[in-house]
Each structure stands twice: as C-alpha cells, then as structure tokens.
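Hi,

Here is the structure I promised to pass on.

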Amino acid sequence: MITVVGTGTGAPLPPGVLAGARLVVGGRRHLAAAPVPEDAERVVLGPLAPALDVVERHLDKGHRVVVLASGDPGFFGIVRALAERFGAAALDVRPGVSSVAAAFARVGLPWDDAVVVSAHGRELRTAVHACRAHPKVAVLTGPGAGPAELGAAVPADRLLVVASALGDPERERVERVTPAEAAARDWGTAVSVVLCLDGSRALSAVRTVAGGRAEPAGWALAEDEFAHRDSMITKFEVRALALARLGPRLGDLVWDVGAGSGSVAVECARLGAAVVAVEKAADGVQRIAANARAHGVYVDVVCDMAPGALAGLPDPDAVFVGGGGTELPAIVAACAARARRTVVVAMAALDRVPAARAALTGAGFSCDGVLLQSSRLAPLPGDVTRLAATNPVFLLWGTRTGTRTGTRTGTRTPLSQEGVAQ
C-alpha cells in the first residue's frame, strides 16, 4: 500500500503514520517537518515521473511507502497520478484540510456554492473567465498565474482574498486586496489559493427569477422567460441549436453581438460561461441587464456598435452574432478573427448568408448551416389545434480548424497546487 497523507494546512500528521516506512516522498518543507525514520529513503518531489519510478521500485520489494502532500491530496492533487500509475486499490489516503476549505474558513464564508478552478499548469484564461462569471471563485495558483496576473484580468469590482502559507503559524497570511492592488505587487511563490468574490452576490448563489418563482430548469427557455420588445428575441428553437454549436461551459468567454434582449447571453451564463453582450440600443442594454438579474447570472453589457466595440474586449471562445444589417460581414469577420473555437450567426435575410459564410471561411473556419423553419402548436376555438409557423431563420456556424495562439485575457474597466507534495 501507498499511504498518502494530507498535511500543511494546520492538521498534524496522524500518530505513527510514518512507522515502518521504507520510502517517504514529499515536498522539502514536508520532509523537514516530519519524523521520517532514519532508515527510510527520502525523495524530494520535483518532476513527478522520477518519483513515481522510485515508488514502483519500493513497491516491487514489498516496502511501505508514504507520500506527504498538501491539504487534501485527492483535490487537484497527487492522488490522481498515483491512482493512474498504481491503481486506486493500492492507495490509503488520509486527507487533510484543503487549502480552499481553509481559505474560506479564514474569511468566515461557506463554500458549498463556490466554483473551484486550478491555474496550476493550466491556461490562466479559464480561471479568469470563471471569476468573471461567478460570484465566489477559488483559484489554485501556479507559476505565472498568481494574484498579480489574476488582478490584472478580473473585473475591477471584485475583492481578492490572497491566502498564502496556510497552516504555517509563522508565515501564514490572509490579505484582502482589490484587483488593482493585487496586480501591482510581487507575491513571490508562497501563494496557495486566491478567492475572487463579488461582494454583492458572494453570500448566496441561490437563483430565483422576478416574483420569487423558481429558476426554470433546462435550457433553450421559452421566450416569455425573458423581457423583450415586440417579439424581437431569438426564438427557443433557434436558441437551442445556437447553444449546441456555441458549447458554453465553465471557463469559457462568449460574446453575444447584437444581443437584443440578451436571451442567448443569459443562457450561456446559466451554463457557466462568462459572457459579454454587445448592444447598441440603450433600452436593449437595460433589458439585457434586467434579464440577467432575473435569472441570477452576470452578463457584462457593452453599449456600443460592432465591430468597433469589439476591439477592447478579451478574446472569446465562442461568438453569437444576431441581427446585423449591411455591416454584418464586417462584424462576422471581426468576430472570426478573434474567436478561439466557433462563431454562430443568425440571419433572417437569406441574401446576407453568402457574405457571412465568406467571412467565416476567409478566416479559416469550416462552415455549415441550416434553415430553421418550425411550426408550433396553437389552439383554435372548439378545443382543436393548428400549426402556427414561426419566421424562418438561417443559422450559420463556423468552427476553427486550427489552434489559435496569442490570445489575450485583458479586461474592460466597469500554487502551489492543492494536494501535490512540494
């Protein structure tokens, strides 16, 4: 068996856990603080693969192996790598208090409604977009993805709680800073977790709509779930396919350009993505904000005209373009130049399709589309039913065929890895 022990956030080592160990693997600080038997081999974790090779040699000899890890080793931690190499049945895991649980405890907040993401060895933009979209986010940090980098990219109205060296009675620090303050400081390498909080929403993530009704389940919601003007809203049949092609998820950024009522933007936010809605009409901007509030999500609304309004926005993973007149080809081209994954365009006018398609293919996207024309059940007098046709809409989508590099996480104005022995 491999005994994996979580430590380092205030919990002492279980008594006798190292007795009889012939190999002890851990971070330098873990090994220095632990009563390692004199006859045991010590391996200081750096690169993981060589350490796992040493573990395998000791297991082949029937030796007892102990791995010391930070916090909860099953939470973004070394348990995954050990289980993949040696099988879950070979592990005896003794979890400690995770750094996320400890950080929220230090500030007196519950965290059952928090989103937890890791920026350790991963793209920073995923953590940034989670912080944009959600009111309570814990970010496990890593080299090049610490408080300074987060502070430079998250919304300016967030509060950052920087928790470092948790559990160390001499070095532990928990500091509350603004994003600007975080960005201006050198935090060194001791940071383990950063909490990103929207103060107005961080105490509760319970979603209710106006009037206290429960938030509707599912997606592609009916039009009457949104405030809109004169039925100027993406119909749910079109929205369903658009959402399927956009694929919004946690860590994504989606643009809704020509957002109108913001129904697509709100639905993307309900599915976990960060969303920027671009709408030129002032009353439309108010309507989008009201719809976002009613569904308990956050949508960043830009009151401006595309394509000019897009220049200052961070690069999106996916874009939905609705409406658009003669400027539509230029808007689609501008979106295609920046989108990492896909662009979806909805058009009522069939003669705009060739130009939009050319803009997508010209940017290197593979392109497909469909004309959606549905008929809904509608009642007639005498308890009978007819079919009522909706206006046909052409939905065009482009999917990037190559990998984009050089994207940016910039914002507009309005770890140590958990469980890994280091």
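The protein chain has 12 helices and 19 strands, where helices (H or I, at least four residues) and strands (E, at least two) are DSSP runs numbered from the N terminus. Please keep in mind that this is a predicted model, in which local features need pLDDT of at least 70 and side-chain atom pairs count only at pLDDT 80 or more, while totals for chains, interfaces and linings use all residues. Residues are numbered from 1 along each chain as its sequence is written, and side-chain values use heavy atoms, with hydrogens and water left out.

Taken along the principal axes, the C-alpha atoms of the chain fill a box of roughly 85 × 50 × 40 Å. Of the 422 residues, 50% are buried; buried means under 20% relative accessible area, exposed over 50% and partly exposed in between, with a 1.4 Å probe and protein chains only.

Now to a helix pair. Helix 11 (residues 328–338) packs against helix 12 (residues 353–362) at an angle of about 20°, and their axes are 8 Å apart. The axes here are lines fitted to C-alpha atoms over the stretch in contact, and angles run from 0 to 180 degrees between N-to-C directions. On the helix 11 side, P329, V332, A333 and A336 meet A355, A356, A359 and L360 of helix 12, contact meaning heavy atoms within 4.5 Å. The residues of this contact divide into eight nonpolar, no polar and no charged (Ala, Val, Leu, Ile, Met, Phe, Trp, Tyr, Cys and Pro count as nonpolar, Asp, Glu, Lys and Arg as charged, and the others, Gly among them, as polar).

Next, a loop residue: D198 lies between strand 10 (191–197) and helix 8 (236–246). D198 is buried, at 8% relative accessible area. Beyond its neighbours within four places in sequence, D198 contacts P135 and R158.

How many disulfides does a search of the whole structure find? The count is zero, with a disulfide taken as a pair of cysteine sulfur atoms within 2.5 Å. For C196, the closest cysteine sulfur is in C131 at 3.8 Å, too far for a bond. C335 has its closest cysteine sulfur in C268, 13 Å away, which is also too far for a bond. C196 is buried, with a relative accessible area of 1%, and C335 is buried with 0%.

Best wishes
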